[in-house]
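Please read the points below alongside the model.

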Amino acid sequence: VRSELLTQSFMVALRHPLWGIGIGNFTQVSIRSLVSHNSYTQVGAEMGLVALLLYAMFMTASITRLRQIERETLFSTNGSRFYYLAVGLQASLVGYMVSSFFASVPYYWFIYYLVGYAVCFRRIYREEKVQGKIEIPAGAVLLPDSQRVSGKAGPRWQPGAAR
């Protein structure tokens with residue numbers, strides 16, 4: 001039944017790509033009035049493909065910004081609390097993104113709390129960085145991902161590299 005619901009939600013999303021069929025209306029067109037059990041296809045079917053794109057970007061943008069904080073504080077002597085919180089929030093967001101493949105939860109508050117925490121956390125981090133409370137050690141300079149050796153694992157810093 002779930003595979004049929006998944007197929008049905010894809011078909012509804014493709015038939016109504018711009019506006020969808022309205023929030024909460026998928027049960028009206030589904031098999032036996034069941035939900036899709038997939039948040040992404042539910043958003044696509046009920047609100048359209050543009051809303052699906054915005055829903056996905058909403059989560060991935062937060063992860064990208066948290067990843068930036070993680071990279072900046074990895075070798076910081078006094079920014080370890082920011083490092084661990086950034087990693088924890090990323091794990092929570094990724095966990096939600098994976099688990100929402102198997103549950104119809106896009107309108108619950110779970111993800112909006114996590115993204116709100118990420119936004120507030122980034123503002124707090126930026127303010128402390130501006131005030132000079134967080135410093136990267138002079139001997140360890142982070143390299144951008146483009147300068148890493150073909151994506152291989154290894155140190156992301158070079159001792160004594162120029163800033």
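Which residues are exposed on the other side of α1? They are Ser3, Leu14 and Arg15, where exposed means over 50% relative accessible area, buried under 20% and partly exposed in between (1.4 Å probe, protein chains only).

1. Basis of the note. This is a predicted model, in which local features need pLDDT of at least 70 and side-chain atom pairs count only at pLDDT 80 or more, while totals for chains, interfaces and linings use all residues. Residues are numbered from 1 along each chain as its sequence is written, and side-chain values use heavy atoms, with hydrogens and water left out.

2. Helix α1. Helices here are DSSP runs of H or I with at least four residues, numbered from the N terminus. Helix α1 covers residues 2–15, and its 14 residues should span 20 Å at 1.5 Å a residue, which agrees with end C-alpha atoms 20 Å apart; the expected span is 1.5 Å times one less than the number of residues. The buried residues of α1 are Leu5, Ser9, Val12 and Ala13. Seen down the axis of α1, these buried residues fall within an arc of 100°, so they line one face of the helix; the arc is taken over the directions from the helix axis to the C-beta atoms. The buried residues of α1 pack against α2 (26–29), α3 and α4.

3. Threonine 7. This residue is in helix α1 and is partly exposed, with a relative accessible area of 45%. A polar atom of the threonine 7 side chain lies 2.9 Å from the backbone oxygen of serine 3. Threonine 7 and serine 36 are 29 residues apart in sequence, and their C-alpha atoms are 9.0 Å apart in space.

4. Nonpolar cores. A nonpolar core is a set of buried Ala, Val, Leu, Ile, Met, Phe, Trp, Tyr and Cys residues joined through side-chain atoms within 4.5 Å. The largest has 21 residues, and Tyr55, Met59, Leu66, Leu93, Tyr96, Ile111 and Phe121 have the most contacts inside it. At least two residues of this core come from each of α3 (39–47), α4 (49–73), α5 (80–99) and α6 (110–130). Another core of five residues lies apart from it, with Leu5, Val12, Phe26 and Ala45 among them. Not counting residues up to four places away in sequence, isoleucine 111 touches Phe58, Met59, Leu93 and Tyr96 (contact: heavy atoms within 4.5 Å).

5. Serine 39. Helix α3 holds serine 39, which counts as buried at 0% relative accessibility. The serine 39 side chain reaches the backbone oxygen of alanine 103 at 2.8 Å. Leaving aside neighbours within four places in sequence, serine 39 is in contact with Tyr55, Ser100, Ala103, Ser104, Val105 and Pro106.

6. Aromatic pairs. Rings of Phe, Tyr and Trp (its six-membered ring) pair if their centres lie within 6.5 Å; planes under 30 degrees apart count as stacked, over 60 as edge-to-face and the rest as tilted. The whole structure has nine aromatic pairs. One of them joins phenylalanine 82 and phenylalanine 121, tilted, at 5.7 Å centre to centre with 35° between the planes. Phenylalanine 82 lies in helix α5 and phenylalanine 121 in helix α6, so the pair ties together parts 39 residues apart in sequence. Both of these phenylalanines are buried. Tryptophan 109 and tyrosine 113 also form a tilted pair, 6.4 Å centre to centre with 40° between the planes. Tryptophan 109 counts as exposed, at 58% relative accessibility. One aromatic cluster is formed by Phe58, Trp109, Tyr112 and Tyr113.

Methods: A polar contact is a pair of N or O atoms within 3.5 Å; within protein, one must be able to donate a hydrogen and the other to accept it, and residues adjacent in sequence count only if both atoms are side-chain atoms.
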